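Visitor: I would like to go through this model one point at a time. Please give the cut-offs as we go.

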Amino acid sequence: MDTEKVAGIFFLIVGLIFILFPMFSSALVSIIVGLSLVALGISIILTGYDLKGMQKEIPIIVIIIGIITIILGLLFIFYVNAISFIVAFQFYVVGFIMIILGICGLLTKSGRMTSFSSILFILMGIVAIALGIFAGDNPIFLAILIGVVLVIEGIAFLLND
């Protein structure tokens, strides 16, 4: 089984999980982001301590940024709804990424399904931006939208020759 078929099956399964269980998916994404931020914060703090011998002000700023990053990470881990205050921003980011990927897919013209999925990426990006305007309180929409895109991409991978 080639890697595109495996990726297609994986995207399809993960996409369906996001669609069928959007609250679980949203909470899981929030925890993963939180853990990543905590690890990044620790790394930033260690970098700040390494810089202490070279300069005076910069290490303090770096350490403060590391502490803030850890606090944000802990918010995402323990207060899952912390993600809701930035969900509109997430919609915008996801929407713009989807539009850019769709345009890149159209420019590469690597296959019939790739062009089709690229157009769907652009359309779903526009939908994501529109949802970002209206859905500042509820991360469920983002989870469902990501699920739909993953299902579309999974089908595109499976049907691509």
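Visitor: What percentage of the residues in the protein chain is buried?

Guide: This is a predicted model, in which local features need pLDDT of at least 70, side-chain atom pairs count only at pLDDT 80 or more, and totals for chains, interfaces and linings use all residues. Residues are numbered from 1 along each chain as its sequence is written, and side-chain values use heavy atoms, with hydrogens and water left out. Buried means under 20% relative accessible area, exposed over 50%, and partly exposed in between (1.4 Å probe, protein chains only). Of the 161 residues in the protein chain, the buried share is 36%.

Visitor: Are α2 and α3 roughly parallel or roughly antiparallel?

Guide: Axes are lines fitted to C-alpha atoms, for helices over the stretch in contact, and angles run from 0 to 180 degrees between N-to-C directions. Helix α2 (residues 22-51) packs on helix α3 (residues 57-78) at about 165°, and their axes are 7 Å apart. Angles under 35 degrees count as roughly parallel, over 145 as roughly antiparallel, 65 to 115 as roughly perpendicular and the rest as oblique. The angle therefore makes α2, relative to α3, roughly antiparallel.

Visitor: How many charged residues are in the contact of α2 with α3?

Guide: Ala, Val, Leu, Ile, Met, Phe, Trp, Tyr, Cys and Pro count as nonpolar, Asp, Glu, Lys and Arg as charged, and the others, Gly among them, as polar. In the contact of α2 with α3, 22 residues are nonpolar and eight are polar, while the number of charged residues is none.

Visitor: How far apart in space are I42 and G66?

Guide: I42 lies in helix α2 and is partly exposed, with a relative accessible area of 44%. In sequence, I42 and G66 are 24 residues apart; in space, C-alpha to C-alpha, the distance is 6.4 Å.

Visitor: Which residues does S117 contact, leaving aside its neighbours within four places in sequence?

Guide: S117 is in helix α5 (residues 112-134) and counts as buried because its relative accessibility is 5%. Contact means heavy atoms within 4.5 Å. Beyond those sequence neighbours, S117 touches E153 and A156.

Terms used. Helices (H or I, at least four residues) and strands (E, at least two) are DSSP runs, numbered from the N terminus.
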